[in-house]
Amino acid sequence: MSLRARVLDHAPEGWGDLIEHDADATPGHRPEMWIALSAALAGFEPRVIAIEDGGELIGGMPLMIERRGALAWLHALPYLLSGAPLARPGHRAEVDASAADALAALSQELRAAGGEWSCYRPEGDAIADHALDRLSGETRWMESAVIDLTSGAAAARRGMDRKARQDVSRSRDQGVRFGEEPAALEEAYALHARQSRAWSGHRPLPIELSRRLIDSGIGHLMIARDGRGMLCATLALEGPHDGFVWWSGSHPGARAAEAFPGLLWWIAEWSAARGRRRFDLGASRGIVPIERFKRSLGARAVRYPVRWLDAREAPPLGRLAAALQRRLRRGRPRGEAA
């Protein structure tokens, strides 16, 4: 076996087949996501680590380089989208090790001032500690809530608790309508921005990023309405095997109509009808009522490691910038210790 890792600025030949056949591929592994991120975020450049054996692609992972003047950060991926390596069957361990070595070498080459490596794998084994430890930093663990759709929406509905099923039915009985409305982005985003002001350490995603994701077909703006207007909305990302709730916003009147659980379940049904294996409700940031709500919808918890890169290899200015970042981002969720 002669493995070679190459760092490319585009998806290598065979990438589409790789993400189609690796069940752990997520929206973050789709090239449309990298294109949208680099177009909407200043200073971000997409890269792909391609792992080859004898010239054949057997695995790889996406990442973004963020440049600010002479300084650089590595994100795999930003916003904790998954940058976990994908692999052909039987090649998981060597792909993980090779990808870790390549990412560590790139960090040293750039003298990176920090970043993260989010290794979310909803169905496969977690990446080994010795691979994560090849990058200077700290490993923390986060948790996402995932609804299994492999047996269809009807089977998944049976996994909901009784009250959640009643809430979903009540929203429809009260005349709440659900649908995809890409033209309603500004109104939906205003709901999200207004609601998120109360979330400690949270900063809304740029609306231009959401617009580009919708235009590319990877993002779907899902809306719940009744006779009064928009009750709630969410931007759902669609991967090769999953749907994923990225951001959401609700009107105060949505609660009485049970519009938000109704909307989430409608998206789960929509995802199942499109052949997706799972519907990811995202992380709950340790907020117990939100975790309880997601469990009521039948979601299981998936724990995954995030390697937070430190600034040990950065120049003095980079270490100073990293220290200022840590101070400004104090309070933002970084996961639990192992």
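1. Strands here are DSSP runs of E, at least two residues long, and helices are runs of H or I of at least four residues, both numbered from the N terminus. Two strands count as paired if DSSP finds at least two bridges between them.

2. The model is predicted, so local features need pLDDT of at least 70 and side-chain atom pairs count only at pLDDT 80 or more, while totals for chains, interfaces and linings use all residues. Residues are numbered from 1 along each chain as its sequence is written, and side-chain values use heavy atoms, with hydrogens and water left out.

3. Strand 7 (residues 137-148) pairs with strand 13 (residues 300-309) through 10 bridges in the antiparallel sense.

4. S118 belongs to strand 6 (residues 115-118). Its relative accessible area is 0%, so S118 is buried (under 20%; exposed is over 50%, partly exposed in between; 1.4 Å probe, protein chains only). Beyond neighbours within four places in sequence, the contacts of S118 (heavy atoms within 4.5 Å) include A76, L77, G83 and, from strand 13, Y304.

5. L324 is located in helix 11 (residues 316-328). With a relative accessible area of 47%, L324 is partly exposed.
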